[in-house]
Amino acid sequence: MNDHQRKRLLQEIEELAPKALLGSLSETYRRCGNRKCRCHFDGPKHGPHLYVSYRGPAGKTTGYYVPEVAHASVRNGIEAWSRIQACLRELGVANKARVIPPKSRPAKRKNPS
């Protein structure tokens, strides 16, 4: 990786960081509390309801409900987090190659048979 590519990755990380949200998304469909509602019979359930889950400080999975008005912002934030992780992986691989150069392969020996 050359210096230009490295700078591009760092710039992308810097641009994404302010909107990044940790976690992954899931959508659920649920029944409501009204026993006469269609969702308790053959009708479709209510939803999708959006939830974010992530691993908390104690290592346990936790999460939160996302109100409908925030769906787009949260989806963008989760995508930004994912892209930052991809950029950091790419940068980490490049940094390893700078610190520990790839081993040169030893010359193949001719088999004296």
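Buried residues (under 20% relative accessible area, with exposed meaning over 50% and partly exposed in between, 1.4 Å probe, protein chains only) make up 18% of the 113 residues.

A word on the model: it is predicted, so local features need pLDDT of at least 70 and side-chain atom pairs count only at pLDDT 80 or more, while totals for chains, interfaces and linings use all residues. Residues are numbered from 1 along each chain as its sequence is written, and side-chain values use heavy atoms, with hydrogens and water left out.

Now to the fold. Along the sequence the pattern is α-β-β-β-α, giving 2 helices and 3 strands; these are DSSP runs numbered from the N terminus, with helices (H or I) of at least four residues and strands (E) of at least two. The radius of gyration of the chain is 24 Å, whereas a compact globule of 113 residues would have one near 13 Å. That radius is taken over C-alpha atoms, and the globule rule is 2.2 Å times the number of residues to the power 0.38. Along the principal axes, the C-alpha atoms fill a box of roughly 85 × 45 × 30 Å. Of the contacts (heavy atoms within 4.5 Å) with a separation of 6 or more, 50% join residues 24 or more positions apart.

Charge comes next. The chain carries 22 positive and 9 negative side chains, and the centres of the two sets lie 12 Å apart. Lys and Arg count as positive and Asp and Glu as negative, leaving out His and the chain ends; each charge is placed at NZ of Lys, CZ of Arg, CG of Asp or CD of Glu.

With a salt bridge defined as a side-chain nitrogen of Lys or Arg within 4 Å of a carboxyl oxygen of Asp or Glu, the count is 2.

| Salt bridge | Closest N to O |
|---|---|
| Glu27 and Arg75 | 2.5 Å |

Arg83 sits in helix α2 (residues 71-99) and Glu12 in helix α1 (residues 3-16), so this pair ties together parts 71 residues apart in sequence. Glu27 belongs to strand β1 (residues 24-30) and Arg75 to helix α2, so their pair links parts 48 residues apart in sequence.

Arg83 is partly exposed at 32% relative accessibility, and Glu12 is partly exposed at 21%. Glu27 counts as partly exposed at 41%, as does Arg75 at 30%.
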